[in-house]
Amino acid sequence: MPSPSQIRPEPLISSPITRRTVLKAGGTLLLSVFAPMSAMAAQILAVRVWPAEDYTRVTLENDSILKATHFIVKDPERLVVDIEGLELNPTLKGLVAKIQSNDPYIKQVRVGQNRPNVVRLVFDLKEEVTPQLFTLPPAGSYNHRLIFDLYPVREPDLIAQMIEKGDWSSDPAKPPMAGTHTPPPALPLPDSGKAPAAVAPPVASIVPPVPDVRPEQRPEARPLPGQKVVRMITIALDPGHGGEDPGAMGSKGSREKDVVLAIAKRLKTKLELQPNMRVMLTRDADFFVPLGMRVEKARKVQADLFVSIHADAFIQPTARGSSVFVLSEKGATSTAARWLANKENQADLIGGVNVKNHDKQLASVLLDLSTTAQINDSMKLGKAVLREIGGINRLHKGSVEQAGFAVLKAPDIPSILIETAFISNPEEEAKLTDNGYQDQMADAIVTGIKNYFAKNPPLAKSRLT
């Protein structure tokens, strides 16, 4: 392994090597000029960096397939990448300026021509990482891509992160601050082995309000005699697309990934104002999460619900309306539903998944373990949410539709996919980027979820209670 002194990038080669040969034929001097050796080198077309707590992704988009090798250097931590068949160009040098100071894993990057036709990148790291390097073929609007994914060695505890980021209390009996919201019905834990008990009276009717004080000054309320214990409900919100995958695009340049993240964040805030709900976002910033990992994240926190949020698009700009979808075991309920599911399931191709490291066990879960019970519960949730959404926007179809969405295949979690509106429709694109509409959409989904739980109290769990 090279010593630290050996990984310093060499200076940029100022000019390519050329060869000239002078030949004499019939009294005429012929000058043969061979093309520069670098003429056939690959060209970097774009560089992108996607920092996130989950991992940082670096993307080099290029006009041909690149071959790269890498190794780690310790004390301090560095990742060294050698890319063959490449000459340094201004686009690649621009990678240096794209590293942000708040990147969780990369401190800085150095770029240089290590030797002819080999460019070296040295990433100075903030902590120990597990790198994954892989290539992607052209997909969507992208050319060939070389991907570096930098994952933390210590896998984050999703439950701990969720609790740390939440503004709600870990004590389900603690009331919210007065004046912040109207509490929903308390959700009792049914007795083991018995049918769910009737919904208990609202928390507000049995726990006196407390003064409007700062959270750290709030007194802890204890369950009153006869009051049933309620447990926290965990909801996984899944803003679609992200990072390399922008999703659908509106005529005015609006991107689906931005719109749905904004709606999901509003929805998270509103759900966590409820005294017994907490939320995990599958992504809370602009980065890509593979479809299977979205499901796996929800299962790791033992989510009670999974809600994927999207903004539809169609080839005709006249298409409009909101929709709710659940999984289907027997095929799509309409041609449009099948078309949409196929389009959404291509997200991994555009966003970029390292196929070699794809979890075969997870793939088996996604393909084989979806259950009729999960689909039935999902239909109940979908109907409750669709009913509320219909009060703020025209419905594309008046009933919950079904199709084979990969992101809905958690075998043990009621799961729905909400198409909030058609971003391809100019009128609805304007709605989707409007703060008022985003707020109305979030309110409608909250009401639908509360109505679902009022009729379908969650069962006890061994964790997160």
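User: Which handedness does the crossing of helix 10 and helix 12 have?

Analyst: Helix 10 passes helix 12 in a right-handed crossing; a crossing is right-handed if the near helix is turned clockwise from the far one by less than a right angle, and left-handed if anticlockwise. A word on the source: this is a predicted model, where local features need pLDDT of at least 70, side-chain atom pairs count only at pLDDT 80 or more, and totals for chains, interfaces and linings use all residues. Residues are numbered from 1 along each chain as its sequence is written, and side-chain values use heavy atoms, with hydrogens and water left out.

User: At what angle do helix 10 and helix 12 pack?

Analyst: About 140°, with the axes of helix 10 (residues 372-389) and helix 12 (residues 435-455) 8 Å apart. The two are therefore oblique to each other (under 35 degrees is roughly parallel, over 145 roughly antiparallel, 65 to 115 roughly perpendicular, the rest oblique).

User: And which residues make the contact?

Analyst: Among them are Leu381, Ala384 and Val385 of helix 10 and Met441, Ala444 and Ile445 of helix 12, where contact means heavy atoms within 4.5 Å. The contact residues divide into 9 nonpolar, 3 polar and 3 charged.

User: Switching to sheets: what is the strand order in the open sheet of 4 strands?

Analyst: The order is 5-6-8-7, with antiparallel pairing; two strands pair if DSSP finds at least two bridges between them. Strand 5 (67-73) and strand 7 (106-115) are the edge strands, and the twist averages 20° from one strand to the next.

User: How many bridges join strand 6 to strand 8?

Analyst: There are 7 bridges between strand 6 (residues 78-84) and strand 8 (residues 118-125). Aspartate 82 has arginine 120 in strand 8 as its bridge partner.

User: How many aromatic pairs are there?

Analyst: The count comes to 5, with rings of Phe, Tyr and Trp (its six-membered ring) pairing if their centres lie within 6.5 Å; planes under 30 degrees apart are stacked, over 60 edge-to-face and the rest tilted. Phenylalanine 123 and phenylalanine 148 form an edge-to-face pair, 6.0 Å centre to centre with 80° between the planes. Phenylalanine 123 lies in strand 8 and phenylalanine 148 in strand 10 (residues 144-152), so the pair ties together parts 25 residues apart in sequence.

User: What about the open sheet of 6 strands, which order does that have?

Analyst: That one runs 12-11-13-16-14-15, with mixed pairing. Strand 11 (residues 233-239) and strand 12 pair in the parallel sense over 5 bridges, and isoleucine 235 stands opposite valine 279 in strand 12.

Conventions. Axes are lines fitted to C-alpha atoms, for helices over the stretch in contact, and angles run from 0 to 180 degrees between N-to-C directions. Ala, Val, Leu, Ile, Met, Phe, Trp, Tyr, Cys and Pro count as nonpolar, Asp, Glu, Lys and Arg as charged, and the others, Gly among them, as polar.
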